[in-house]
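This report is written for a reader who is meeting the structure for the first time. Please keep the sequence and the model in view while reading.

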Amino acid sequence: MPQEAEELAEIRRAVASLCEGFPGEYWRAKDAAREYPAEFVDALTQAGFLAALIPVEHGGSGLSLEAACVIMEEIQASGCNGSSAHAQMYIMNTLLRYGSEEQKARYLPRIARGELRLQAFGVSEPTSGTDTLSLKTRAVRDGDEYVISGQKIWTSRAEHSDLMLLLARTTPRDQVTSKTEGLSIFLVDMQAALQNGMSIKPIRTMMNHSSCEVFFDDLRIPASALVGEEGKGFRYILSGMNAERILIAAECIGDAKWFIGKATAYAKDRNVFARPIGQNQGVQFPIARAYAQMRAAELMVHHAARVYDGGGNPGEEANMAKLLASEASWAAADMCVQTFGGFGFAEEYDVERKFREARLYTVAPISTNLILSYLAEHVLGLPRSY
């Protein structure tokens, strides 16, 4: 593997050291009970890793997105599951860039100290999916308050978050001059909302991802919960979505490294017909191909992060990073199960758990097909397909 800057290498070592305290047994127990890994999230918080992108003046580390990518990658490469906490990093971007000084001073230090969790991102809806501009959740101004009505789905970690970043329509779609207008971002106090018209329904999925539906029945929130300017919320979340895709792509790289490392070690140790199975090209070649695929995707992830950190608009790079990394991790997952054979389906090896977790990222937070549509239209100039 290539050398990296000492600062990033030190971060990687620190994350790996923390993750040693959360071995496979911990994750298997959480998976079996469908429990949130609160102890792991608290450890990440206390170590300062979840405050990586919060500026130093607000109690965070003030690190680059590339450094944040190293944190999330190493969590996955250590066999842990960063999805339990990753939203706090990419949600932060919207608050940092568009929140008022009062909002940042009120929330960021408490988030950095671990007093508050910003883990929930309310965007997707049952009827609109990834067609964000068609969402129906409404926020109607009523004096010094907004009244929220509607429903969100796939709002992961809603039960374990103190704050939610919520996207809602403040102007009906037929009353805006541009389809990207009329959506607004709100920072919702979830503990107060649960007593005031918001309810949460968990969704059982194939992996322990803490996914939920969230219902809003005339929820009243203060007007001060508005982030930025009313009606500009869609453009606010676009830059946050780029950060989200880059960070999740980094997680996929970490997953791929875990699968490759696991398969390589097993292929060296497992003897069949009086020889290690890794001596057979039929076993070697898939592992080598997965490694090559991972390395190519890894380069794109770091390139996308550097474009972002440099102040650019990495829409193309972020989408390609997420596409390539999610496909690399899924290919590595499939290869690892194949290498292990029947033992790949046994819980004690953690392969089947990680296999299920890796499958998510070719679908979420945006599907492969939508990324291809984006690249076709916005990069290659082909006609819009939807």
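This is a predicted model: local features need pLDDT of at least 70, side-chain atom pairs count only at pLDDT 80 or more; totals for chains, interfaces and linings use all residues.

His-209 belongs to the loop that joins β6 (198–202) to β7 (212–222). Is His-209 buried or exposed? Its relative accessible area is 13%, so His-209 is buried, because the limit for a buried residue is under 20%.

Ser-210 is found in the loop between β6 and β7 as well. Its relative accessibility is 15%, and therefore Ser-210 also counts as buried.

## Backbone features in loops

Most residues other than glycine have a negative phi, and most peptide bonds are trans. Ser-210 is not a glycine, yet its phi is positive, at about 55 degrees. Phe-273 likewise has a positive phi of about 55 degrees without being a glycine. The position of Phe-273 is the loop between β9 (271–272) and β10 (275–276). Phe-273 has a relative accessible area of 79%, so this residue is exposed, the cut-off for exposed being over 50%.

A cis peptide bond leads from Ala-364 to Pro-365, with omega near 0 degrees. Pro-365 lies in the loop that connects α11 (351–359) with α12 (368–379).

Helix α1 covers residues 6–19, a run of 14 residues.

The buried residues of α1 are Leu-8, Ala-9, Ile-11, Arg-12, Val-15, Leu-18 and Cys-19. These buried residues pack against three helices, namely α3 (38–46), α4 (65–77) and α8 (233–269).

A disulfide is a covalent bond between the sulfur atoms of two cysteines. How many disulfides does the structure hold? The number is 0. For Cys-19, the closest cysteine sulfur is that of Cys-80, at 3.8 Å; this is too far for a bond, because a disulfide requires the sulfur atoms to be within 2.5 Å. Cys-69 is in no disulfide either, and its nearest cysteine sulfur, in Cys-252, is 11 Å away.

Cys-19 has a relative accessibility of 3% and so counts as buried. Cys-69 has a relative accessibility of 2%, so Cys-69 counts as buried too.

## Annotated domains

An unreviewed UniProt entry places the feature "domain: Acyl-CoA oxidase/dehydrogenase middle" at residues 120–218. In the model, this span is 4% helix and 43% strand, and its end C-alpha atoms lie 19 Å apart.

The unreviewed UniProt entry also places the feature "domain: Acyl-CoA dehydrogenase/oxidase C-terminal" at residues 231–364. Over these residues the chain is 75% helix and 3% strand. The end C-alpha atoms of residues 231–364 are 26 Å apart.

How values were computed
Residues are numbered from 1 along each chain as its sequence is written. Side-chain values use heavy atoms; hydrogens and water are left out. UniProt positions are given in the numbering used here, feature names are shortened, and annotations may be inferred rather than shown by experiment. Helices (H or I, at least four residues) and strands (E, at least two) are DSSP runs, numbered from the N terminus. Buried means under 20% relative accessible area, exposed over 50%, partly exposed in between (1.4 Å probe, protein chains only). The expected span of a helix is 1.5 Å times one less than its number of residues. Contact means heavy atoms within 4.5 Å.
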